[in-house]
Structure formats: C-alpha cells, structure tokens
Amino acid sequence: MEKNETLYTTVSQLMQSGKGILAADESDATAAKRLEIANLPNQPGNRQDFRELLFTAPEIEEYLSGVILYDTTLRESTDQGVPFVDVLVARGIVPGIKVDLGTKPIPGFPNEVVTQGLDGLDDRLREYHAIGARFTKWRAVVTIGETIPTDVCLELNAYRMAEYALIAQANGLVPMVEPEVLFPGTHSIDVAEEVTTHTLNTLFTALKKYKVDLKGLILKSSMVLAGDGHKEQSSPEEVAAATLRTFKLSVPRDVGGIVFLSGGQTPKRATENLQAIASFGKQQWPITFSYSRAIQEPVLVAWQGRPENIPLAQKALLYRAKMNSLAQLGNYEGEKE
Ligand code: 13P
C-alpha cells in the first residue's frame with residue numbers, strides 16, 4: 001500500500017493545474033526527424049545540445065510539471081556535468097522515461113503493429129528508478145483504415161500494456177499508457193470517435209483484469225478528430241465534444257489523470273483544441289497536455305543549431321508552454337500567427 005501512496009503523490013505532482021508534461025523522449029533514431037527541422041544531422045552532440053537547451057530554459061517550471069526522457073537522455077548531463085535528471089528535479093519537474101522499444105508488424109494482420117519491450121522490463125525499470133525516473137511511458141499505435149484496427153491488434157496491445165503497467169507500479173513508477181490513434185488518414189471524426197472509444201474500452205478491460213491500480217496511472221490519449229486527409233477538418237468545439245464523449249464512455253472515474261499527445265497537429269491547433277476541451281468545465285479526471293512536436297517544433301525552428309539562437313529558442317519553448325498552460329486552465333484567448 002505504501003508503494004501506491006508514492007504513485008499517487010507522483011500523479012498529483014504531474015497533474016498540477018496550469019501545468020503539463022513535455023515529451024522529449026524521441027528515441028535516438030526518431031530524433032533525426034526533430035533535428036531535421038533545425039537543419040542538423042542526427043548526432044549525439046546535437047541531441048544533447050537540444051535537450052540541454054530545453055531543460056535549462058528559464059521559467060519552464062511554471063508551466064511544466066514533468067518531462068519524458070529517453071534511455072540515453074536520462075543518463076546524460078549538461079556541458080557543465082550536471083545530470084539532466086538533477087537539473088529537472090532541482091526545478092521541481094518530475095523526470096519520466098519512455099520504456100517501450102517501438103513497434104513490430106503483427107504477422108497475418110497487415111498494416112497493424114504491436115509494441116515491444118516486456119522482456120527484461122523489470123530490471124530496466126529498477127535501474128531507471130535508481131537513476132531518478134518517477135514515471136514511465138508505453139506507446140501503442142492504432143491505425144484507422146478500411147478494415148483496421150482489428151480486435152486482435154487492440155487486445156494484443158492492451159494486454160501488453162497492462163503487463164507493463166503492473167511492472168511499472170511494482171517498481172514505484174507511475175505508468176503512462178498511450179494508445180495513440182493516429183491522426184494521419186482520411187477517416188471522419190465519427191470513425192475516430194468510434195475507434196478511440198473501442199480502443200480505450202479494450203485497454204481498460206485489460207488493465208482492470210490485471211488489477212492495475214488506476215489511481216496510480218495516467219492515460220495519454222490522442223484527441224478525437226478527423227484524419228488529416230479528410231475533406232472536413234474538425235473544429236475545436238467538435239474535437240472537444242467528441243473527445244469528452246469518448247472519455248466518458250471508456251475511462252474509469254478513478255484513473256489518476258489524462259494527458260494529450262499532439263499527434264501531428266500544428267502547435268496552435270493543439271493549443272486551441274486543449275482550450276476547447278477545458279471550456280467544457282471540470283471533468284472527472286485532471287486533464288492536461290503532454291506534447292512533443294507541438295511544443296518542440298517552434299523551438300527547433302528558432303534554434304537552427306546556433307549557440308547565439310539559444311535564448312530565442314528557449315523563449316519559444318516558454319511561450320508554447322505558457323499558451324498550453326493557459327489553455328489547460330481554459331484561459332487561452334488566441335495568439336497572432
Ligand atoms: P506528439 O505530441 O508529437 O504526438 O508526441 C507525443 C508523444 O509522446 C508520442 O509518443
């Protein structure tokens with residue numbers, strides 16, 4: 001029981017009102033896509049420079065409660081030799097860690113994938129906790145198509161996620177479960193709503209069966225919106241209504257909190273949609289943002305790998321974090337282009 005009290009404390013630190021979580025947990029391979037925006041090659045030095053810029057940005061602790069790291073980053077330090085974990089903790093920001101090992105195709109189920117990473121997970125998590133991580137993330141990917149997702153894909157991912165969540169909690173780490181229903185596609189918002197509801201219902205059935213303590217768990221969800229290739233893009237009000245309907249039908253009351261991924265939405269759109277969701281008033285769970293691309297993209301554009309641009313890039317980070325913080329509180333009033 002004592003262990004779970006620790007988990008609840010971490011959840012309430014992460015879900016503080018007016019704050020959100022920065023996802024800076026790109027794997028070393030995926031970091032290539034971010035560094036490309038700054039016109040930089042994907043080299044360890046550039047990855048470290050970028051993370052140092054993020055974690056040392058002035059005042060971010062006003063808007064960020066947590067940061068999700070990747071294995072390599074969790075072990076890295078600033079140029080002055082201060083471990084990133086210490087930098088974050090000193091600012092009251094909770095360090096987290098992505099622990100899944102990416103996806104593999106499911107044989108016999110075209111265009112569907114299952115997330116890897118259960119082998120040796122217990123040992124890895126024990127080490128991550130010792131280094132200073134207090135929460136973890138596991139991402140599953142759900143693609144919408146003519147005949148997908150199949151129940152096999154949803155169930156296989158849900159039960160692996162439940163096993164991961166159990167192992168995380170046993171190690172004193174809050175699990176963040178992230179079944180991402182992909183934004184790319186030509187599907188309508190109605191289809192996205194149906195698929196997301198089904199995905200979340202399948203996930204929570206598995207989590208309950210495995211007796212995962214839902215109070216010590218955070219759901220990281222996609223917003224419900226029409227695919228990026230659909231002829232009609234969803235308005236913030238439509239997104240908010242569909243997303244909250246989905247949660248009410250599928251997320252148990254006792255879940256510790258819900259955070260959103262940005263999923264390829266523009267930074268402004270991700271903020272506007274969060275604001276629309278907050279406008280519906282208080283929900284059964286605390287809800288906030290946990291964006292990667294929608295926060296980091298303007299920072300990379302401003303930085304371009306030049307030391308003299310670091311202050312400007314850090315300002316871009318602070319600005320985006322602040323806009324999302326305002327939206328989380330329902331106080332975002334738009335911004336200039
Ligand atoms: P995006 O906000 O870029 O979708 O990333 C969030 C995340 O954590 C993906 O796993």
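Q: In this predicted model, buried means under 20% relative accessible area, and exposed means over 50%. Why is Arg91 called buried?

A: Arg91 has a relative accessible area of 19%. The limit for the term is under 20%, and Arg91 is therefore called buried. The residue is found in the loop between α5 (84-90) and β3.

Q: Why is His230 called buried?

A: The relative accessibility of His230 is 18%. Since buried means under 20%, His230 counts as buried. Its place is the loop between β8 (218-221) and α9 (236-250). Not counting residues up to four places away in sequence, His230 touches Gly185, Thr186, His187 and Ser188.

Q: How do you know that the side chain of His230 makes a polar contact with Glu232?

A: A polar atom of the His230 side chain is 3.1 Å from the backbone oxygen of Glu232. With a cut-off of 3.5 Å for N or O atoms, the pair is therefore a polar contact.

Q: Why is Leu101 called exposed?

A: Leu101 has a relative accessibility of 56%. As exposed means over 50%, Leu101 counts as exposed. This leucine is placed in the loop between β3 (94-98) and β4 (103-106). Apart from neighbours within four places in sequence, Leu101 is in contact with Gln116, Gly117 and Arg124.

Q: Why is Asn111 called exposed, and what is its phi?

A: The relative accessibility of Asn111 is 67%, and the term exposed applies over 50%; Asn111 therefore counts as exposed. Its phi is near 65 degrees, which is a positive value in a residue other than glycine. Asn111 is found in strand β5 (residues 109-115).

Q: Why is Gln304 called partly exposed?

A: Gln304 has a relative accessible area of 24%. Buried requires a value under 20%, exposed a value over 50%, and partly exposed lies in between; Gln304 is therefore partly exposed. This residue follows α11 and is placed in the loop between α11 and α12. Although Gln304 is not a glycine, its phi is positive, at about 55 degrees.

Q: Which residues of helix α11 are buried, and against which elements do they pack?

A: The buried residues of α11 (residues 293-303) are Ala294, Ile295, Gln296, Val299, Leu300, Ala302 and Trp303. They pack against β1 (20-23), α2 (31-37), α3 (44-55), α10 (267-279), β10 (287-289) and α12 (310-328).

Q: Why is Pro252 called buried?

A: Pro252 has a relative accessible area of 14%. Because buried means under 20%, Pro252 is buried. It belongs to the loop between α9 and β9 (257-260). Its contacts, leaving aside neighbours within four places in sequence, are Phe204, Lys208, Leu214 and Trp285. Pro252 and Asp213 are 39 residues apart in sequence, and their C-alpha atoms are 11 Å apart in space.

Q: Which peptide bond is cis, with omega near 10 degrees?

A: The bond from Ile148 to Pro149 is cis. Pro149 is in the loop between β6 (135-142) and α7 (151-170).

Q: Where does the ligand sit, and which residues are around it?

A: The ligand sits in the largest pocket. Residues around it include Ala23, Arg139, Glu178, Lys220, Leu261, Gly263, Ser290, Tyr291 and Arg293.

How values were computed
Residues are numbered from 1 along each chain as its sequence is written. This is a predicted model: local features need pLDDT of at least 70, side-chain atom pairs count only at pLDDT 80 or more; totals for chains, interfaces and linings use all residues. Side-chain values use heavy atoms; hydrogens and water are left out. Helices (H or I, at least four residues) and strands (E, at least two) are DSSP runs, numbered from the N terminus. Buried means under 20% relative accessible area, exposed over 50%, partly exposed in between (1.4 Å probe, protein chains only). A polar contact is a pair of N or O atoms within 3.5 Å; within protein, one must be able to donate a hydrogen and the other to accept it, and residues adjacent in sequence count only if both atoms are side-chain atoms. Contact means heavy atoms within 4.5 Å. A residue is near a molecule or strand if one of its heavy atoms lies within 4 Å of it. On a 1 Å grid over the protein atoms alone, a cavity is a set of points where a 1.4 Å probe fits but cannot get out, and a pocket is an open set with protein on both sides within 12 Å along at least five of seven lines; lining residues have an atom within 4 Å of a point. A molecule sits in a cavity or pocket if more than half of its atoms lie within 2 Å of its grid points.
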